Every structure is written in structure tokens, then in C-alpha cells.
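User: Please take a close look at one single part of this structure. Walk me through it in short steps.

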Amino acid sequence: MSFEMTKGLFKYDFTDQHAILGIPLDAEFNDIRKRYMKIARRLHSDTCSFESQADKDWANQFLSKVVNPAYNKFSKESDRKEYSLLLAAIGKRVVKEQAKMQIESEAAKQLATAKDWEEAYKTAVSKLALKQYESVKETQEAIDQISELNMVYLLRKERMVGGGGVAPISPIKDATPPPPPPPTPTPTPTPTPVKDDPRIEAYCRRAQGFMDSKNYAKASLELREALKNAPKHSKAHAMLAMCYLEQNQATMAKLEINKALASNPEEPTALEVKKKLEQASAKAKKGDEKPGFFASLFGGKKK
């Protein structure tokens, strides 16, 4: 049973929990809870009023797999903070990529040019939420439209915060972009760091928390998950190198250092771990290092 959502903020590899619950982005937790309880009663198998059995089955699955996880994201303070950070990052990304923005729903197009855009936004979300869970079709359409509203709202809000004013924005991609500048000689390309991704940064934040409490095993798990999604992320490689170093796994640490510096030669954490390994190597060569993992790595036990 597919629950794919691809419009509005969902285009940015972001799960728009506000759109799923049909609430504005600045909703208070008490309002979020009330809205969730109303949706849960509407979709639960014991109280669902959808006509066909197929639609009732869909409603029950949607409640457990989409609505409940959306509400859970707000039920814990730590999860709310993490989600807010991701939402802020998405807002900045929307501003950077606004030239590519394409808006389909009439409600979002009107919000893009509205003068009193904050009030217009809340009114539009509230109107869509009224019929959001009346049927399978209306549920999916309402989520798409609310997420487009959220996208436009974030764009106008970010432009205001960034000093760009709150002038109306064009909801249609410009068909005649300005001509490109004349070509200029470019130096030989050098490795550059992977651009920040909100999901990867979240993994790194959790890993840093585990590292601060010296739980390097759990930190390593978070960082390996990050690298599955971004194999060339220099910061994640560097942090993993530090975890290996703290667990006396110098060989693995060196491998991760090389990967980090290949993506970003100036990665500070990688340079720090590299320096520590070089210092340990120098001590081992002078015979100062006691038998242990550095001794076995850099020339065996002292005789």
C-alpha cells in the first residue's frame, strides 16, 4: 500500500509532518495533540466511516504508518527540537533553490502573492484541514497542497528574516533566465567538502552526543548510517576516525582519515586525529610507547 508524497516540502527529501497532520508550521503542541486525536478517531478501524472496505484498510494503515509517526515526532521535546532544526535547514534550502520552485496548487499560488501572507497562510491551511480526512483522495490532495503552502510560507519567512523584505514571489519558474557570464579560465579542480545535508547533520549531532558521553560504539553506528547516505561526507569520516582512535583501532582510524581528507583536505577533525596518530608513531619508533595497539601498528612490541 503506497503512501508516496512528492509535492511541496516533500520534494526536498523531507517528511512534512505538519502537512500530514494538517497544522500550520507555528502550531503549539496542545493544538497538535487535539488535531491528532481528531484524525485518529477518523481513521481508526473502530470509528472510520469510509464506505469501502479497501478505503477503511487504507485508513487504518495510513494511521499507523504515517499519522502516528508524524505525531510522535512532536510528542518528545528532543524530537521536536531536532525536527525544528531540520525544518530551519529546509527553509534556507528553499530560499537557495527558489529559482527552480514550481507551484501547482491554487492556494499556494495565492499565498505567493498575498499581502497579508501570514494570515492568508493560516486561513488556507485551516480550510484544507477541514476536509483533509474525508476520503482517500482528499487526504492525499490536502497533504500535497498544505505542504506547498508550507514551502511558500518558509520562503517568504526566510526572505523577511534575511532582510529581503516580504515582497510577493513568482510562483512560476522564470522561462527566460539571464544569459550566463562569459567563460573564464578555471583552476584545476580540487576535492571539496560534501554540501551539508540536514539528515547527515542530524546523524553527526547524535554521534557527537554519544562521543561526549564516551559511547563510541553507538556513535560509530550513527556515523556509518550517515555515510551510507553520503559516502564522501568528510566530517562523518573524520568523526568515525576519532571513534576508532578512542577505541584503540588505529588502522581503521587511518583509513577514515584518508577518506575524510580526500573529500576535504582541511577537515579539522581529520587533521586532529592524523596529528595524534603521527605523535603516537613517533613515540613508538623511539621506543617510548609501551606494548599495545600503537606499538603493534608502528613496528611491533619493544624488545
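Ser105 sits in the loop between helix 4 (77-96) and helix 5 (106-113). Helices here are DSSP runs of H or I, at least four residues long, numbered from the N terminus. The model is predicted: local features need pLDDT of at least 70, side-chain atom pairs count only at pLDDT 80 or more, and totals for chains, interfaces and linings use all residues. Residues are numbered from 1 along each chain as its sequence is written, and side-chain values use heavy atoms, with hydrogens and water left out.

Is Ser105 buried or exposed? Ser105 has a relative accessible area of 8%. Buried means under 20%, exposed over 50%, and partly exposed in between, with a 1.4 Å probe and protein chains only. Ser105 is therefore buried.

Now the partners. The side chain of Ser105 makes a polar contact with the side chain of Glu148, at 2.8 Å. A polar contact is a pair of N or O atoms within 3.5 Å; within protein, one must be able to donate a hydrogen and the other to accept it, and residues adjacent in sequence count only if both atoms are side-chain atoms. The Ser105 side chain also reaches the backbone nitrogen of Ala108, at 3.3 Å.

Next, set aside the neighbours of Ser105 within four places in sequence. Ser105 is then in contact (heavy atoms within 4.5 Å) with Gln145 and Glu148.

For contrast, a look at a helix pair. Helix 9 (residues 216-229) and helix 10 (residues 234-246) pack at an angle of about 155 degrees.

Notes:
Axes fitted to C-alpha atoms, helices over the stretch in contact; angles between N-to-C directions. Helix = DSSP H or I, 4+ residues; strand = E, 2+ residues; numbered from the N terminus.
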